[in-house]
Amino acid sequence: MRSSNHLNRRHFLEMTSIAAVSCAVGMMPVGNLAYGAALTKAQRDNLTPDEIVAHMKNGNQRFRLGKESPHDYLAQQKTSAKGQYPAAVILSCIDSRAPAETIMDLGIGDTFNVRVAGNVANDDIIGSMEFGCKVAGAKVILVMGHTACGAIKGAIDNVQLGNLTALLSKIRPAVSATEYRGERSAKNYDFVDAVARKNVELTMETIHRRSAVLEDLESSGAIKIVGAMYNLETGQVEFFS
Ligand SMILES: [Zn+2]
């Protein structure tokens, strides 16, 4: 039988199978040893991509309910110092209101994080994803956009400003590719959010198209590339493939 420590130390693992855990530990309270250690290699390797996505969904649910895990960051820092075994790579926007780890209740060592305005991909970012998955063993790539995104608004308005111009040009294909009946302006938040979603889809396509390494990992079932939109108003992360 696996130790209770193994079963309880990480909330990230807790939801894999509530039923299985309940059977194994009975009524033992979850949390006495929880959140005190970073993900181990064995724990990460035992998770499937779908289970990892489920953990992120459940973490977002806890965040929305105000019932986040009582993370022991110092313990996570100490246990991860000699090695890291993150389960996912998350590409999200720099927006201060959309910190992926916080809104999905993740701890130190759980995920690689790439943040850039408008969550677009380039060679450097895709290279980082290849490292995260092929070399370091992460099993999910999550591309997460969010509502009311300033970068999306800037792309819609064709803002020209220093180096930002080139960055926004990477989002502009999503503006023209968004099918929308109604006012196609940055003042229309419904349109802005539709473009943000299309931008996530196009970023996922870009990753597929430009990385044979990730394409191979995905077609073999080793990893999954998924998209999501974070709603600033509701706090909900809506996943889509
Ligand atoms: Zn944004």
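In this predicted model, the zinc ion takes its protein donors from C93 (SG), H146 (NE2) and C149 (SG). These donors lie 2.0 to 2.3 Å from the zinc ion. Along the chain, the donor residues follow the spacing C-x52-H-x2-C. C93 sits in the loop between β1 (88–92) and α7 (100–103). C149 occupies the loop between β3 (140–146) and α9 (150–156). The pair therefore ties together parts that are 56 residues apart in sequence.

Both cysteines fall under the 20% cut-off for burial. C93 has a relative accessible area of 4% and is therefore buried. C149 is also buried, at 2% relative accessibility.

A helix pair was examined next. Two packed helices are described by the angle between their axes and the distance between the axes. The axes of helix α8 (residues 123–135) and helix α12 (residues 189–210) come within 11 Å. They cross at roughly 70°. An angle of 65 to 115 degrees counts as roughly perpendicular, so α8 and α12 are roughly perpendicular to each other. On the α8 side, the contact is made by D123, I126 and M129. On the α12 side, T206, I207 and R210 take part. By class, this contact of α8 with α12 has three nonpolar, one polar and two charged residues.

Helix α10 (residues 164–169) contains L164. L164 is partly exposed, with 29% relative accessibility. L164 and G154 are 10 residues apart along the chain. Their C-alpha atoms are separated by 9.2 Å.

Note on methods. Residues numbered from 1 in each chain as written. Predicted model: local features only at pLDDT ≥ 70, side-chain atom pairs only at ≥ 80, totals over all residues. Heavy atoms only, no water. Axes fitted to C-alpha atoms, helices over the stretch in contact; angles between N-to-C directions. Helix = DSSP H or I, 4+ residues; strand = E, 2+ residues; numbered from the N terminus. Parallel < 35°, antiparallel > 145°, perpendicular 65-115°, else oblique. Contact = heavy atoms within 4.5 Å. Nonpolar A, V, L, I, M, F, W, Y, C, P; charged D, E, K, R; others polar. Donors = N, O, S within 2.8 Å, 3.2 Å for Na, K, Ca; no water. Buried < 20%, exposed > 50% of the residue type's maximum accessible area, 1.4 Å probe, protein only.
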